[in-house]
Amino acid sequence: MKRNSAVTLRYGRPDDLHQLADLERAAFPDDAFEIGLIEELLTQDRATVLVAEDQGRLVGVVYLLWKRHRLNKYCRVFSLAVDPSARSKGVGLGLMKTAEQEARFRSVARLTLEVRQTNLLAIQFYRKLGYRRTGKLRGFYPDGTDGLSFGKNLTLEDQTPGKFG
């Protein structure tokens, strides 16, 4: 397990389902994932769910999808959600750094993600982490808002096991 002051980072479990649904609604009131999708992400082999927990309460989550295109493996950061009360406290940073560590452990050298074009704080956050814009996605979100795609190449030199424990 990893600790960041009182926050513990760990793998998500099926019994986190309802807390994750609550976290989604708090982080994305107009865009929260449906509970069925969260359940699917928690139980699929092609997905990894990393959570940040503070005294038994989930305050952040990153959903990762493991993909293969021809011979190349990559990871899609499907979503990063941080409870509004935990923002600007390093929770998102800890989750993203752990996601990158997990990718390296799996010998995955590229992470991709999408972000709303209007979410300037998230865009700035990802750029600070070294993600570069790779494209524009017209009408990507259900409400018609455009998205931006970002990617980051990882060095595989440090393949420290991503397993917690």
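Keep in mind that the model is predicted.

**The helix pair**

Two packed helices are described by the angle between their axes and the distance between the axes. Here, α1 covers residues 17–27 and α2 covers residues 35–43; they pack at an angle of about 125°, and their axes are 10 Å apart. That angle is why α1 and α2 count as oblique to each other. The crossing of α1 past α2 is right-handed.

So who touches whom? On the α1 side you'll find Leu 17, His 18, Leu 20, Ala 21 and Glu 24, and they meet Ile 35, Ile 38, Glu 39 and Leu 42 of α2. Sorted by class, this contact has 6 nonpolar, 1 polar and 2 charged residues.

**The largest pocket**

Now for the open space: the largest pocket holds about 1,300 Å³. Its lining takes in 41 residues, and those nearest the centre are Phe 28, Leu 80, Asn 119, Ala 122 and Tyr 126. The largest share, 7 residues, comes from β5.

| Class | Lining residues |
|---|---|
| Nonpolar | 23 residues |
| Polar | 7 residues |

Note on methods:
Residues numbered from 1 in each chain as written. Predicted model: local features only at pLDDT ≥ 70, side-chain atom pairs only at ≥ 80, totals over all residues. Heavy atoms only, no water. Axes fitted to C-alpha atoms, helices over the stretch in contact; angles between N-to-C directions. Helix = DSSP H or I, 4+ residues; strand = E, 2+ residues; numbered from the N terminus. Parallel < 35°, antiparallel > 145°, perpendicular 65-115°, else oblique. Left-handed = near helix turned anticlockwise from the far one by under 90°. Contact = heavy atoms within 4.5 Å. Nonpolar A, V, L, I, M, F, W, Y, C, P; charged D, E, K, R; others polar. 1 Å grid on protein atoms, 1.4 Å probe; cavity = no way out; pocket = protein on both sides within 12 Å on 5 of 7 lines; lining within 4 Å. Points joined across faces, edges and corners; volume = space filled by probe spheres on them.
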